Amino acid sequence: MEISPSILSADFGNLLSDIRKVETEKPEYLHIDIMDGHFVPNITIGPLVLNALKDKTGIPFDVHLMIEEPDKYIKEFVDAGAKNITVHQEACVHLNRTLQLIKSMGVNASVALNPATSLDTLRYVLSSVDMVLIMTVNPGFGGQVFIDGMYEKIRELASIRNEKELNFKIEVDGGINIDNIKDVVLAGADVIVAGSFIFANGDPGENLKKLREAALK
């Protein structure tokens with residue numbers, strides 16, 4: 001089980017300080033949500049912020065593009081230090097082509113699904129992705145409540161992976177805390193994205209430690 005703290009909930013006035021606090025617990029990724037105000041009803045950050053951070057932390061950037069026409073911006077985010085780029089199935093007209101574009105730049109290619117989007121939409125690309133991100137809230141805002149129906153979706157995806165003998169990771173994002181992380185992992189998740197629980201209250205490093213401990217109980 002790997003953890004990807006989402007800086008969406010960090011203190012942007014002290015962003016590097018918050019990142020330093022989670023570094024002490026050695027998270028596997030740093031989740032960076034990119035929103036454009038079109039695909040989702042919010043605007044966050046762009047490549048300039050990643051460029052400012054990439055030489056200041058060794059945590060790999062897990063970049064989640066919640067944007068329309070992601071192909072136009074993939075190279076910018078790779079140049080800014082992304083190690084994994086996730087695009088939304090719902091935002092890609094030619095999903096296979098977009099995934100190939102990401103891979104051609106030497107980084108991992110992942111695809112995300114909104115809660116209401118069927119796993120069937122990924123049937124023909126699962127063999128070429130490094131990770132599938134199951135959104136367990138509707139994307140666009142931090143601090144939302146986990147949608148309980150998504151446990152079934154995670155289990156179904158894990159079953160498909162086993163049946164087809166594929167090796168992509170399952171990432172889960174939205175409303176995860178110490179009360180539900182174990183159930184999410186038991187359902188089949190490999191990578192846990194957590195923002196509000198880690199950054200919104202208290203020490204981010206201690207919160208990350210508590211989250212990992214809760215998953216392993």
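Is E69 buried, partly exposed or exposed? I found E69 partly exposed, with a relative accessible area of 47%. My cut-offs are under 20% relative accessible area for buried, over 50% for exposed and partly exposed in between, with a 1.4 Å probe and protein chains only.

**Ground rules.** I am working with a predicted model, where local features need pLDDT of at least 70 and side-chain atom pairs count only at pLDDT 80 or more, while totals for chains, interfaces and linings use all residues. Residues are numbered from 1 along each chain as its sequence is written, and side-chain values use heavy atoms, with hydrogens and water left out. My helices (H or I, at least four residues) and strands (E, at least two) are DSSP runs, numbered from the N terminus.

**Two positive phi values.** I went back to E69, which is found in the loop between β3 and α3 (74–79). Its phi is near 50°, a positive value in a residue other than glycine. I then looked at E165, in the loop between α5 (150–164) and β7 (169–173). Phi of E165 is near 55°, again positive in a residue that is not glycine. E165 counts as exposed, at 73% relative accessibility.

I looked up S6 in the loop between β1 (2–5) and α1 (15–23). What does S6 touch, not counting residues up to four places away in sequence? I listed H31, D33, V193, A194, G195 and F199, taking contact to mean heavy atoms within 4.5 Å. S6 is buried, with a relative accessible area of 4%. N114 lies in the loop between β5 (108–113) and β6 (131–135), and N114 is buried too, at 15%. Leaving aside neighbours within four places in sequence, I noted F39, H88, E90, M135, P139 and K153 as the contacts of N114.

**Strand β2.** I checked residues 30–35 and found 6 of the 6 buried. L30, I32 and I34 point one way from β2, while H31, D33 and M35 point the other way. β2 and β3 (residues 61–66) run parallel and are joined by 6 bridges; I call two strands paired if DSSP finds at least two bridges between them. I34 stands opposite L65 in β3. From β2 the chain crosses through helix α2 (residues 47–53) to β3, in a right-handed β-α-β crossover. Right-handed here means that, with the strands pointing away from the viewer, the path from the first strand over the helix to the second runs clockwise.

**Rings.** How many aromatic pairs did I count? The count is 1, with ring centres of Phe, Tyr and Trp (its six-membered ring) required to lie within 6.5 Å, and planes under 30 degrees apart called stacked, over 60 edge-to-face and the rest tilted. The pair is F146 and Y151, tilted, at 4.7 Å centre to centre and 40° between the planes. Both are buried, F146 at 8% and Y151 at 14%.

**Helix α8.** I followed residues 204–216, which reach 19 Å from first C-alpha to last, close to the 18 Å expected; the expected span is 1.5 Å times one less than the number of residues. Its buried residues include P204, L208, L211 and A215. Among the elements covering the buried residues of α8, I noted β1, α1 and β8 (191–194).
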